[in-house]
Amino acid sequence: MNSAAEGFARRSCLDRGNRSRVIAGVMDDINISGERVIAVVQRLISERSITRPVSLDDTLTEAGLTSLDAVRLVLLVEDEFNIEIPVGELTLVNFRSISTISRLVNRLVNQSG
């Protein structure tokens with residue numbers, strides 16, 4: 001995928017009209033786990049009635065999620081992947097965006113597998 005198409009795919013991934021549509025192959029490290037992370041974040045965004053489009057690299061706080069949403073997001077991710085996120089991994093860096101959450105989940109799942 002060329003860089004222009006990849007940029008469009010990233011911006012379109014969670015656009016308002018197609019929240020349930022996940023574009024495959026957007027990023028090398030977004031795989032099946034990444035698609036599940038997207039679904040978890042989409043669910044939280046929908047529950048909060050946030051209408052702003054959110055891409056894979058958007059900062060979730062800038063998208064409208066609060067600190068309480070972040071706590072809920074941790075619990076949703078743990079439940080979705082049947083993992084426990086170590087306290088040392090509960091950082092703003094790891095939960096900044098869909099991409100960073102996906103990388104964290106991939107790392108934790110690979111460590112436990």
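How many residues line the largest pocket, and which of them lie nearest its centre? In this predicted model, the lining of the largest pocket comprises 15 residues, and those nearest the centre are Ser 67, Ala 70, Thr 91, Leu 92 and Phe 95.

The elements that contribute two or more residues to this lining are α3 (60-63) and α4 (67-81). The largest share belongs to α4, which supplies five residues. The space in the largest pocket amounts to about 300 Å³. By class, its lining contains nine nonpolar residues, five polar residues and one charged residue.

Helix packing is considered next. Two packed helices are described by the angle between their axes and the distance between the axes.

| Helix pair | Axis distance | Axis angle |
|---|---|---|
| α2 and α5 | within 9 Å | roughly 130 degrees |
| α2 and α4 | 10 Å | about 140 degrees |

For the pair of α2 (residues 32-47) and α5 (residues 98-112), the axes cross at roughly 130 degrees, and the two helices are therefore oblique to each other. Their crossing is right-handed. On the α2 side, the contact is made by Ser 33, Gly 34, Val 37, Ile 38 and Val 41; on the α5 side, Ile 98, Ile 101, Ser 102, Val 105 and Asn 106 take part. This contact of α2 with α5 has six nonpolar and four polar residues, with no charged residues.

The pair of α2 and α4 packs at about 140 degrees. Because angles over 145 degrees count as roughly antiparallel, α2 and α4 are classed as oblique to each other. Here too α2 passes its partner, α4, in a right-handed crossing. From α2, the residues in contact are Ser 33, Arg 36, Val 37, Val 40, Val 41, Arg 43, Leu 44 and Glu 47. They meet Asp 69, Arg 72, Leu 73, Leu 76, Val 77, Glu 80 and Phe 81 of α4. The contact of α2 with α4 divides into eight nonpolar residues, one polar residue and six charged residues.

Definitions and conventions. Residues are numbered from 1 along each chain as its sequence is written. This is a predicted model: local features need pLDDT of at least 70, side-chain atom pairs count only at pLDDT 80 or more; totals for chains, interfaces and linings use all residues. Side-chain values use heavy atoms; hydrogens and water are left out. On a 1 Å grid over the protein atoms alone, a cavity is a set of points where a 1.4 Å probe fits but cannot get out, and a pocket is an open set with protein on both sides within 12 Å along at least five of seven lines; lining residues have an atom within 4 Å of a point. Grid points are joined across faces, edges and corners, and a volume is the space filled by probe spheres set on the points. Helices (H or I, at least four residues) and strands (E, at least two) are DSSP runs, numbered from the N terminus. Ala, Val, Leu, Ile, Met, Phe, Trp, Tyr, Cys and Pro count as nonpolar, Asp, Glu, Lys and Arg as charged, and the others, Gly among them, as polar. Axes are lines fitted to C-alpha atoms, for helices over the stretch in contact, and angles run from 0 to 180 degrees between N-to-C directions. Angles under 35 degrees count as roughly parallel, over 145 as roughly antiparallel, 65 to 115 as roughly perpendicular and the rest as oblique. A crossing is left-handed if the near helix is turned anticlockwise from the far one by less than a right angle, and right-handed if clockwise. Contact means heavy atoms within 4.5 Å.
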